Amino acid sequence: MNRTIKKVAVLGSGIMGSRIACHFANIGIEVLLLDIIPNELSDIEKAKGKTLEDKDVRNRIVNAAFQTTLQTKPASLYSNKYAGRVTLGNFDDDLTKISDCDWVLEAIVENLEIKKSLFEKVDSIRKPGTLITSNTSGIPIQLMHEGRSEDFQKHFCGTHFFNPPRYLRLLEIIPTDKTDQDVIDFLLHYGDLFLGKETVLCKDTPAFIANRIGVYAIMSGMHTIEKMELTVGEVDKLTGPIIGRAKSATFRTMDVVGLDTTVRVANNLYEALPKDESREKFKLPKIVSELHERKWWGDKTKQGYFKKTVDESGKKTILELDLKTFEYVPKSRANHSVLEEVKDIEDLKKRIPILVNDSGKAGEFYRATFYDLFQYCTNRIPEIADEIYRIDNAVAGGFAWELGPFETWDILGVDETLGKMKEAGVEVASWVDDMLTSGAKSFYKVENGIRKYYDIPSKSYQVIPGTEDLLLLDNLKTHVVWENAGATLYDTGEGILNLEFHTKMNALGQEVLEGINTAITRAEKEFSGLVIGNEGQNFSAGANLAMLFMSASEQDFDEINMAIAHFQKTMMRARYSSVPVVVAPSGMALGGGCELSLHADHIQAHAETYIGLVEFGVGLIPGGGGSKELTLRASDSYNPGDPEFNKLQEYFMAIATAKVSTSAAEGREMGIIRPSDGITLNRKRLLADAKNACLDLVEAGYTQPSQRQDIKVHGKTSLANFEAGIAAMTYGNYISEHDAKIARKLAWVMAGGDLSQPTLVSEQYLLDLEREVFLSLTGEPKTLERIHSILFKGRPLRN
């Protein structure tokens with residue numbers, strides 16, 4: 001069946017239902033969001049003389065839920081404009097509208113009988129062939145379709161999204177024994193390609209894969225924390241980004257999710273798993289049960305493992321819970337020498353072995369928790385999954401881990417770690433010994449640029465399904481063309497190179513600029529095109545401020561001038577090379593990272609790209625061609641008869657407010673990402689999509705463009721308009737005198753100087769103005785203070 005999804009019905013507008021509806025809206029789908037009608041009037045409705053028959057009353061629950069979702073941060077929508085794609089209604093009046101939908105997704109209360117009752121109604125209304133899925137996180141899927149029609153059962157399965165659906169990558173697909181294989185294949189493909197998800201096929205076992213493993217890891221960790229008498233702050237430092245996990249780490253995550261939720265899942269698993277060899281780990285240790293009994297469930301009850309207080313002066317302080325006394329105390333610090341040892345190691349795969357093998361208390365904690373997690377995962381095959389990659393993908397995607405359990409074990413060395421585990425009395429499933437005996441030494445390996453997993457039944461390595469078309473730099477370590485300390489250039493095949501940055505936060509320093517220039521030179525001589533992108537959390541946080549600060553502090557303005565000129569020339573090389581240059585941003589693309597994107601022939605952005613020119617925040621203007629480029633884009637947008645200053649002012653304000661998009665879609669609305677540029681939903685597909693875009697440019701007969709000489713600027717007219725706005729903002733105390741000074745200098749560049757009449761100027765003309773202004777601002781004491789504050793986290797600058 002050639003299935004397409006044009007309209008989706010989401011039944012249930014709670015936290016998950018509304019957020020799932022938003023994510024479908026993000027990809028352009030028309031959504032019908034329904035919920036129950038209220039049983040009685042609210043006090044406000046009574047005061048207005050409303051009745052239960054009024055439409056706004058009947059839709060009150062769905063309206064309130066959806067509005068709450070729209071106001072919640074981080075945003076569920078890529079753009080506020082997409083809210084119009086969601087139509088609201090109720091089950092009594094609007095359920096018949098699901099007959100027009102291609103997919104009906106249930107996300108109501110976790111009660112089997114209520115779900116079955118709703119499915120009975122859905123079955124009588126839906127058109128044949130419509131997908132029917134449940135977002136349940138714990139009810140067996142097999143129980144839900146009992147008594148339903150054959151067509152319903154063939155098109156029914158579980159689709160378990162993780163909260164928040166926009167940001168967490170996992171989508172678990174849980175079929176029943178009656179689900180059509182075509183439906184399973186479609187959902188796995190659609191979730192991956194269109195929803196941007198890590199789609200994982202799961203068995204219908206308690207909590208499926210991610211929550212089974214993830215909640216076990218949490219509860220097992222809690223027992224270890226209690227035994228080792230670790231503090232809340234200490235644990236969150238040890239279990240966050242330093243080991244490739246979410247910034248909220250352990251206790252902050254539990255506060256955000258709600259301790260009651262974690263406890264409910266743990267208790268359910270304990271009851272549902274009488275034969276689980278590690279069942280006792282799901283029992284609540286005192287550091288969990290005590291809070292649960294006191295109803296200190298986290299953010300929803302205003303206190304949990306953390307508590308925000310406000311003193312008489314209005315100063316806010318965050319306290320943490322003392323896990324011995326259960327009183328709130330000042331936040332603790334993790335004083336472990338190994339943390340200092342690894343702080344400058346950016347590569348997670350190099351950092352983790354040092355942490356786990358540490359001889360101190362931190363290493364003891366890591367070994368206890370990692371080894372226990374490893375053994376638990378080995379014993380879950382084939383119970384919850386037949387393949388190791390499904391466990392890794394589910395846990396990493398559902399809990400925002402960079403590496404899954406088996407991937408982590410690989411980087412520690414399987415054989416060596418197994419020996420240490422056995423010495424510690426940790427026993428694993430027999431298949432791990434069998435694997436090592438067979439000659440296989442790792443759970444994954446790369447052959448000919450293709451990543452394979454160890455298949456337990458065949459005792460051989462197999463290609464991970466669905467990865468054949470991906471471009472993964474980790475698989476290309478034998479295809480390095482050139483590298484230095486800050487960048488690596490890979491041959492990806494088909495004449496396309498890929499340049500990866502790997503400095504701290506992928507900052508654009510001298511080594512990265514050398515990498516860009518070298519990559520373009522090599523591409524022009526020996527290849528057909530260049531992609532600039534990486535697999536890190538961020539594309540680039542901008543230029544290297546530390547080098548600028550050093551030169552400015554020493555008043556070495558000649559050095560700064562040369563550095564700015566070199567940066568500008570590098571950006572212009574990206575624009576005017578003889579081969580197409582495609583930039584693939586994801587995460588932060590700020591300052592210089594944004595400027596590089598602006599100068600690419602094509603941007604292929606991940607949907608979660610946060611892009612903008614942020615230099616104003618440190619007392620500067622964009623100096624790598626960003627100010628020039630937005631002036632150029634304003635000029636290109638002018639239409640006869642339109643007030644031209646309006647568009648220029650929009651771009652000016654984007655720079656002057658250091659505006660950063662909250663998504664690639666918003667970056668497009670800002671004019672940084674063009675209509676012709678592409679957006680990729682699935683992060684794993686980004687580099688492959690960028691490479692294909694580069695190949696398309698090559699095949700279309702890419703020709704080196706000429707530098708622009710026709711940029712329209714307005715000189716004194718624009719300056720006067722800018723000055724009026726700057727003066728008003730200053731007089732109204734909205735900006736400081738120093739901010740006004742920077743704004744006037746930015747206005748000078750974007751107006752093209754004090755030309756007496758509208759004039760067509762060249763890119764180089766604007767670049768020279770931009771460099772002159774940037775250089776002048778580096779000599780400002782307040783600019784130095786701002787840069788110092790960022791580099792040294794608020795410590796005052798001493799002369």
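**Close-up views of a predicted model**

View 1. Cys-101 takes part in none, its nearest cysteine sulfur being that of Cys-22, 16 Å away. With a relative accessibility of 0%, Cys-101 counts as buried. Cys-377 is likewise in no disulfide; the sulfur of Cys-202, the nearest from another cysteine, is 14 Å away. Cys-377 counts as buried because its relative accessibility is 0%, and buried means under 20%.

**View 2. Lys-452 in strand β13.** Strand β13 spans residues 450-455 and includes Lys-452. Is Lys-452 buried or exposed? Its relative accessible area is 17%, so Lys-452 is buried. The side chain of Lys-452 forms a polar contact of 2.7 Å with the side chain of Glu-447. Apart from neighbours within four places in sequence, the residues in contact with Lys-452 include Phe-443, Tyr-444, Tyr-461 and Val-463.

**View 3. The buried residues of helix α19.** Helix α19 covers residues 414-423, and its buried residues are Val-414, Thr-417, Leu-418 and Met-421. These residues lie on the same side of α19 because they cover an arc of only 105° around the axis. In general, an α-helix has 3.6 residues a turn, so residues three or four places apart point the same way.

Notes
Residues are numbered from 1 along each chain as its sequence is written. This is a predicted model: local features need pLDDT of at least 70, side-chain atom pairs count only at pLDDT 80 or more; totals for chains, interfaces and linings use all residues. Side-chain values use heavy atoms; hydrogens and water are left out. A disulfide is a pair of cysteine sulfur atoms within 2.5 Å. Buried means under 20% relative accessible area, exposed over 50%, partly exposed in between (1.4 Å probe, protein chains only). Helices (H or I, at least four residues) and strands (E, at least two) are DSSP runs, numbered from the N terminus. A polar contact is a pair of N or O atoms within 3.5 Å; within protein, one must be able to donate a hydrogen and the other to accept it, and residues adjacent in sequence count only if both atoms are side-chain atoms. Contact means heavy atoms within 4.5 Å. The arc is that of the directions from the helix axis to the C-beta atoms.
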